[in-house]
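User: I am new to this structure and would like a guided tour. Could you take me through it step by step?

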Amino acid sequence: MTAQLIDGTRIAREVRARVAAEVTEFRERTGIVPGLATILVGEDPASEVYVRNKRRLAVETGMADLHRHLDADVAQPTVAAIIEELAHDDAVSGILLQLPLPRHLESGPLIDLIPALKDVDGLTTLSAGLLARGRPGLRPCTPSGVITLIDSTGISLEGLNAVVVGRSELVGGPMSRLLLERNATVTTAHSRTRDLVAVASEADVLIAAAGVPHLIGAEHVKPGAVVIDVGIHRTESGLTGDVRFDEVSAVAGWITPVPGGVGPMTIATLLANTVTAARMQWEQRQLASRA
Ligand SMILES: NC(=O)C1=CN([C@@H]2O[C@H](COP(=O)(O)OP(=O)(O)OC[C@H]3O[C@@H](n4cnc5c(N)ncnc54)[C@H](OP(=O)(O)O)[C@@H]3O)[C@@H](O)[C@H]2O)C=CC1
Ligand SMILES: Nc1nc(=O)c2c([nH]1)NC[C@@H]1CN(c3ccc(C(=O)N[C@@H](CCC(=O)O)C(=O)O)cc3)C=[N+]21
C-alpha cells in the first residue's frame, strides 16, 4: 500500500465535536434545542441501520431525536400529511426522509414538501436549484462530506481534474456541482460512458459513486490520485465499496476505506446541516418578530 488513508471515522468525530459545541452555544443563546426528524418507511435492514446511527449521533451531539416510523404499506397522502406537520412544527429543525421508499410511494413530491430551511438532506428541488445556481443553501450530506474529506488532505481542488462516476440526485449530481464550485475541472461519468478507464485514469480526484461493487480497479486510477469510495455494499464477507481497495491503494496517493470513509462523514454532515438549519430558522423568526 502506497496510498495514505483518509480516515473518515476520525474526521467525522472531529466534525461532530464541533457540531456539539455549536449546539451548546446555540441552546445557551436562544434556549432552543435543535431537533432532527427522521422518517423511515418500512423495514429495509440497511435503512434501519443508517437511521438508527443518525438518531443516536443526533442525541450524542445534544439534539432532540424526533423519529417517525411508518408502516411499509402507508399511503402517499399519509406520508405527505406527516411531512407537512413536521414542516410547521417549530421543534423540528431538520427533516430527513430516508430513501429508498417502498415502490408504491413517489419520493420526489414528498421530498418537495420539506421547507428549504429544514431540508438538511439538501434533496428538495429548491435546494438543488440553489446549488446549481451557486446560491447559499443546504447541500446534500454525502457529497458535502466528500468535500470535507478531500479538504482534510490539504490538497486544493482548484484546477484539478475531478471525475465523478455516477450522476444520481442523491450523490453524483450534486457531487459534480460541488467540485465545480471549488474550481475543479469536472467530468461526470455514468452507465453510458464509453471508455471509463480512459476517462477515470485522467482524474487527479476520482469519486466512485456508481453503486457497483468493485467497479474501480488499478487500471482506472492515475498514480497519486485521490480516490473517494462512496459505494457501500453488504456482502457475505462484510461491507465493501465500488473500489477494489487493495489494488487501488497500491496506485493512489490517497484513499478512503469502506467502512470508515464516506459513511460516517455523511452522518456528521447531516448533523452539521441540522444546526445550520436551526440557526437559519431562528434568524428568520427574529426578523419576522421585528417586522
Ligand atoms: N456512504 C454513504 O454515505 C452513501 C453511500 N451510497 C452508496 O453510493 C452508491 C451510489 O448511490 P446512488 O447514487 O444513490 O445510486 P444510483 O443507483 O441512484 O446511481 C448510480 C449512478 O452510477 C451510474 N452507474 C451505474 N453503473 C455504472 C457503471 N458500470 N459505470 C459507470 N457508471 C455507472 C448510474 O448511471 P445512469 O445515470 O446512467 O444510470 C447512476 O448515475 C451506492 O452504492 C449507495 O449505496 C449512497 C448514499 C450515501
Ligand atoms: N434521504 C437519504 N439520505 C441519505 O443520506 C441516505 C439515504 N436517504 N439513503 C441511503 C443512503 C446511504 N447512507 C449512508 C449513511 C451512513 C452510512 C454509514 O454510516 N456507513 C458506515 C457503516 C455502517 C454500517 O454498519 O452499515 C461506514 O461506511 O463506515 C452509510 C450510508 C445515507 N443515505
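This is a predicted model: local features need pLDDT of at least 70, side-chain atom pairs count only at pLDDT 80 or more; totals for chains, interfaces and linings use all residues.

User: At what angle do α2 and α10 cross?

Analyst: The two axes cross at roughly 50° and come within 10 Å. Angles of 65 to 115 degrees would count as roughly perpendicular and those under 35 as roughly parallel. The helices α2 and α10 are therefore oblique to each other.

User: And how do α6 and α7 pack?

Analyst: Helix α7 spans residues 172-181, and its axis lies 8 Å from that of α6, at an angle of about 40°. This pair is therefore oblique as well. The crossing of α6 and α7 is right-handed.

User: Let us change topic. Which domains does the chain have?

Analyst: The domain assignment gives domain 1, residues 30-117, and domain 2, residues 141-262. Their C-alpha centres are 28 Å apart.

User: What does UniProt place at residues 6-121?

Analyst: The unreviewed UniProt entry has the feature "domain: Tetrahydrofolate dehydrogenase/cyclohydrolase catalytic" there. In the model, that span is 49% helix and 14% strand, and its end C-alpha atoms lie 23 Å apart.

User: And which annotation covers residues 140-281?

Analyst: For that span the unreviewed UniProt entry gives "domain: Tetrahydrofolate dehydrogenase/cyclohydrolase NAD(P)-binding". The stretch is 35% helix and 18% strand, with 18 Å between its end C-alpha atoms.

User: Now the ligands. How many residues surround ligand 1?

Analyst: There are 25 residues around ligand 1, and the closest are Gly-166, Ser-168, Ser-191, Gly-211 and Thr-266. By class, the shell divides into 12 nonpolar, 11 polar and two charged residues.

User: Which helix gives the most to that shell around ligand 1?

Analyst: Helix α10, residues 262-290, gives the most, with three residues.

User: What about ligand 2: which residues are closest?

Analyst: The closest are Tyr-50, Leu-99, Pro-259, Gly-263 and Thr-266, out of 19 residues that surround ligand 2. Two or more residues of this shell come from each of α2 (45-60), β5 (94-97), α6 (141-151) and α10. Helix α10 provides the largest share, four residues.

User: What classes of residue make up the shell around ligand 2?

Analyst: That shell has 12 nonpolar residues, six polar ones and one charged one.

User: How many residues does each domain give to the shell around ligand 2?

Analyst: At least three residues are drawn from each of domain 1 and domain 2.

User: You mentioned Leu-99 and Pro-259. Which peptide bonds there are cis?

Analyst: The bond from Leu-99 to Pro-100 is cis, with omega near -5°. Pro-100 sits in the loop between β5 and α4, the latter covering residues 107-111. A cis peptide bond also joins Val-258 and Pro-259, where omega is about -5°. Pro-259 belongs to the loop between β12 (254-255) and α10.

User: To finish, please remind me what α10 does around the two ligands.

Analyst: Helix α10 gives the most to the shell around ligand 1, and the largest share of the shell around ligand 2 comes from α10 too.

Technical notes: Residues are numbered from 1 along each chain as its sequence is written. Chains are lettered from A and ligands numbered from 1 in the order in which they are written. A residue is near a molecule or strand if its C-beta atom, placed from the backbone, lies within 6 Å of it. Ala, Val, Leu, Ile, Met, Phe, Trp, Tyr, Cys and Pro count as nonpolar, Asp, Glu, Lys and Arg as charged, and the others, Gly among them, as polar. Domain bounds come from an automatic or database domain assignment. UniProt positions are given in the numbering used here, feature names are shortened, and annotations may be inferred rather than shown by experiment. Axes are lines fitted to C-alpha atoms, for helices over the stretch in contact, and angles run from 0 to 180 degrees between N-to-C directions. Angles under 35 degrees count as roughly parallel, over 145 as roughly antiparallel, 65 to 115 as roughly perpendicular and the rest as oblique. A crossing is left-handed if the near helix is turned anticlockwise from the far one by less than a right angle, and right-handed if clockwise.
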